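The following note is intended for a colleague who is meeting this structure for the first time. Please read the numbered points with the model open alongside.

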Amino acid sequence: MKRIFVLFLAMFSLMMNYSCSSDMTVPEHNPLLAEWTSDKNIPPFDKIRTEHYEPAFEVAMKMHNDEIDAIVRSEEEPTFENVILALDNAGIKLYDIYLLFGMLSSSDLDDTMQEVQNKMMPRIDDHFNAIMLNDSLFMRVEAVYNKRAELKLDELQTRLLEKTYNKFVRSGALLKGEKKERLKQINTELTMLSIRFGNNLLAENSNFILELNAQQVADLPEGVRKQAESAAKARGKEGYVFTLDKPSMLPFLTYSKNRDLRRELYNGYLMRGNNNNDKDNKEIVKQMTELRIEKAQLLGYKSYSHYVTADQMAGTPEAVYALLNEIWEPSLKSAKAELEEMQTMFKKDHPNETFEKSDWWYYAEKVRKEKYQLDEDAVRQYLSFDNVRNGMFTLANRLYKVTFRPMAAPRYHEECTVYEVIDVDNTHLGVLYLDPFPRSTKSGGAWCGNFSEQRYVNGVRRAPVVGVVCNFTPPVGDTPSLLTFDEAETLFHEFGHALHCLFADVKYRGLAEVEGDFVELPSQIMENWAFEPEILKTYATHYRTGEVIPDQLIRKIQRASLFNQGFVTTELTAAALIDMDIHSLEKMPKDFDVVKFENDNLAGRRGLFPEIAPRYRYTYFAHIFNGGYSSGYYFYLWAEVLDKHAFDAFKQSRDICDEKLAKSLRYDLLAQGGQYPGMEMYRKFRGESPDKKPMLRARGLWKDPEPVEEVTEAPKAEAPKSLFKQQPVQPGQRPAIQQQPVNKSGKAVKPDVAPKSITKVEPVKK
Ligand SMILES: [Zn+2]
């Protein structure tokens with residue numbers, strides 16, 4: 001996933017002051033408010049209790065308001081330092097607690113944390129919204145902005161000023177009177193609805209289980225059976241339990257011969273939030289959509305998608321649609337061909353029945369075994385979690401010369417492992433927490449975020465503390481965690497986000513954030529290395545025998561790599577499309593029906609066939625109704641254009657760990673945060689604009705014409721439609737970005753959830 005920061009404010013001297021003064025203003029010692037004494041900036045996980053959050057939030061909001069008041073009440077002439085920089089340095093304590101709470105409530109949301117979340121998140125949203133709509137504050141920001149030409153600011157200062165000003169404008173600072181009041185109301189309602197959406201989904205997830213007896217699981221691989229057995233035990237039940245979490249559901253759909261049970265489980269998944277019970281999300285989706293339309297139009301945009309994309313690399317919904325549409329037709333065609341192949345097998349098993357959505361995984365696996373002789377379960381024997389983790393650490397060391405060393409440190413959960421990250425010059429770069437396995441209180445999916453962000457304090461870089469949280473197949477008995485392809489790839493993905501956080505060397509907090517459609521570049525590019533034979537051989541050894549993965553198996557993996565890409569690309573693009581569709585509405589249709597709207601747009605208008613469901617449907621699309629991806633699920637595809645083209649540079653260099661390229665990737669791009677526009681950083685690294693061909697090729701949607709010629713400079717006339725590369729870069733012109741479509745999408749992108757409360761905070765997830 002990814003990070004979407006709120007506004008930030010803040011930093012050094014003020015923070016020190018606050019840490020000291022807080023003990024005086026708070027009656028009892030609160031570790032969240034005290035100065036964190038770890039020399040590595042590790043939060044005092046061992047001291048924090050749930051009851052600390054609420055008072056800490058209250059005090060931190062008060063501190064923040066005092067800082068804002070000081071900026072507003074200053075009698076000095078508004079300057080970059082006393083307004084823009086002061087704002088950047090305000091609210092640090094609040095932000096620190098907010099970040100931490102977001103991460104911890106996603107990885108452990110028990111009832112008491114949920115209470116705090118329900119109570120405090122709306123208050124904090126209101127707090128930030130009130131600052132962004134503070135007229136007196138905005139007048140001072142505007143005063144500095146209006147005289148920016150004469151201020152002699154350097155490049156980063158100018159960017160910070162512009163970003164700060166734009167953030168206020170996008171938050172409604174230019175609105176007056178009633179309109180401004182209405183916007184405040186809308187923001188509050190949206191927050192409440194989003195929390196309800198997330199809570200409903202959590203309840204729907206845990207309310208459904210499939211309980212089976214030994215005979216019903218006899219055809220499943222042993223590992224899958226064991227996992228279901230321990231899931232049953234954890235619930236105090238006999239037998240075997242399957243849930244709607246993907247690590248539980250997908251193996252069942254893949255291996256169970258029982259169609260009825262497959263259907264029952266998958267329908268449970270598809271119907272979440274759509275069961276006409278008290279956890280139904282249809283009305284919430286409708287209300288949120290309506291409020292978002294109103295919000296966008298108050299702010300001067302035609303639709304919510306126009307509002308969101310204006311601030312992204314894509315620039316407009318049209319640019320996003322252009323990409324998605326270009327992917328849609330060929331992937332649908334390719335998925336149809338896959339379906340036909342499966343139909344033949346299906347008809348042998350069930351001559352008089354019709355293939356259904358819930359049959360896809362089972363028959364895809366059959367084809368994979370028969371046509372490609374690839375048995376995923378056999379591959380998993382080489383992908384123990386420890387192996388894959390060591391593989392990515394080794395890769396990071398090869399590319400960037402950084403070392404991951406286990407360290408003792410306070411942990412928020414006993415299942416975490418902690419690593420100190422040592423830089424090439426032996427200095428401390430940051431800390432990484434890994435939290436790989438599911439818990440009943442953990443959100444689904446996988447994500448990465450900061451427990452403690454990188455920033456500058458008195459001119460010195462304060463190293464970050466980063467967490468990668470996943471829901472991988474857990475170890476069972478004496479069998480270690482054996483990852484699927486997708487899981488191994490997800491680990492590399494989240495690790496890519498982690499490196500982005502760890503490498504950050506950003507001067508101003510307000511410049512930490514990158515565009516949403518850039519965020520998945522650092523993560524997705526790591527996936528490219530995961531299954532390169534050269535890399536695979538460094539980590540994929542059999543968990544029992546220690547044998548290195550055989551070449552023959554690697555060849556099978558490569559041959560099968562395009563298999564099922566039609567399906568994966570179709571379900572992913574379908575989700576991105578329905579996200580754009582609902583957020584591109586300019587007014588709410590009369591008698592709006594969420595389910596019908598989805599069907600009309602996908603099956604009706606675009607020809608999606610009934611054997612495939614979009615990866616997410618509206619009633620459980622947490623990314624867009626309870627995460628930071630509204631009108632942004634396309635980010636994954638957009639960034640895939642970038643990551644495949646970026647990785648192509650390594651391939652072309654004939655050394656996939658080329659030192660010079662890796663160095664540029666780190667220092668010109670990953671370390672920069674949002675100090676420069678994404679496209680500018682990308683071109684600096686890549687030496688040219690993104691080309692979407694490598695992405696289409698990787699998904700089997702593009703074949704190079706034969707004979708393949710060495711590409712020199714000739715424009716590739718055969719390249720599908722327009723897109724990136726063809727926009728000539730205008731030398732010296734930087735914000736060409738708005739028009740510069742890029743994109744990509746992810747193959748088996750693993751994006752899953754957006755941790756509930758974090759919305760604005762961070763989690764990256766694939
Ligand atoms: Zn991600």
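**Notes on the predicted model**

1. Of the 766 residues in the protein chain, 51% are buried. A residue is called buried if 20 or more other C-beta atoms lie within 10 Å of its own, exposed if 12 or fewer do, and partly exposed in between, with C-beta atoms placed from the backbone. This is a predicted model, in which local features need pLDDT of at least 70 and side-chain atom pairs count only at pLDDT 80 or more, while totals for chains, interfaces and linings use all residues. Residues are numbered from 1 along each chain as its sequence is written.

2. The secondary structure of the protein chain consists of 28 helices and 10 strands. Helices (H or I, at least four residues) and strands (E, at least two) are DSSP runs, numbered from the N terminus. Where contacts join residues at least 6 apart in sequence, 77% of them link residues at least 24 apart. Two residues are in contact if their C-beta atoms, placed from the backbone, lie within 7 Å.

3. The largest nonpolar core has 194 residues, and within it Leu324 and Leu432 touch the most other members. Helix α14 (residues 317–349) contributes the most to this core, with 11 residues. Apart from it lies another core, of 5 residues, including Ala296, Tyr304, Tyr307 and Val308. A nonpolar core is a set of buried Ala, Val, Leu, Ile, Met, Phe, Trp, Tyr and Cys residues joined through C-beta atoms within 7 Å. In soluble globular proteins, nonpolar side chains tend to be buried together.

4. Leaving aside neighbours within four places in sequence, Leu432 is in contact with Phe404, Tyr419, Val421, Val466, Val468, Ala498 and Leu502. Strand β3 (residues 403–406) and strand β4 (residues 417–422) run antiparallel and are joined by 4 bridges. Phe404 has Val421 as its bridge partner in β4. Two strands pair if DSSP finds at least two bridges between them.

5. Strand β4 also pairs with strand β5 (residues 428–435), in the antiparallel sense and over 6 bridges. In this pairing, Val418 stands opposite Tyr433 in β5. β4 and β5 form a hairpin with 5 residues between them, and Asn426 in the turn has a positive phi of about 75 degrees.

6. Is Val402 buried, partly exposed or exposed? Val402 is partly exposed, because 19 other C-beta atoms lie within 10 Å. Val402 is placed in the loop between α17 (385–400) and β3. The C-alpha atoms of Val402 and Asp423 are 4.7 Å apart in space, although the two residues are 21 residues apart in sequence. Not counting residues up to four places away in sequence, Val402 touches Ala396, Asn397, Val421, Ile422, Asp423, Val424 and Leu429.

7. The helix pair α10 (residues 246–255) and α11 (residues 259–270) has axes that come within 10 Å and cross at roughly 145 degrees. Axes are lines fitted to C-alpha atoms, for helices over the stretch in contact, and angles run from 0 to 180 degrees between N-to-C directions. Met249, Phe252 and Leu253 of α10 make the contact with Arg262, Leu265, Tyr266 and Tyr269 of α11. By class, this contact has 6 nonpolar, no polar and 1 charged residues. Here Ala, Val, Leu, Ile, Met, Phe, Trp, Tyr, Cys and Pro count as nonpolar, Asp, Glu, Lys and Arg as charged, and the others, Gly among them, as polar.

8. Arg292 lies in helix α12 (residues 282–298). Arg292 counts as buried because it has 23 C-beta neighbours inside 10 Å. Not counting residues up to four places away in sequence, Arg292 touches Tyr304 and His583.

9. Two loop residues with positive phi should be noted. Lys152, in the loop between α6 (135–146) and α7 (155–170), has a phi near 55 degrees, a positive value in a residue other than glycine. Lys152 counts as exposed, with 9 C-beta neighbours inside 10 Å. Asn564 lies in the loop between α21 (551–559) and α22 (565–583), and its phi is positive, at about 75 degrees, although it is not a glycine. Asn564 is buried, with 22 other C-beta atoms within 10 Å.
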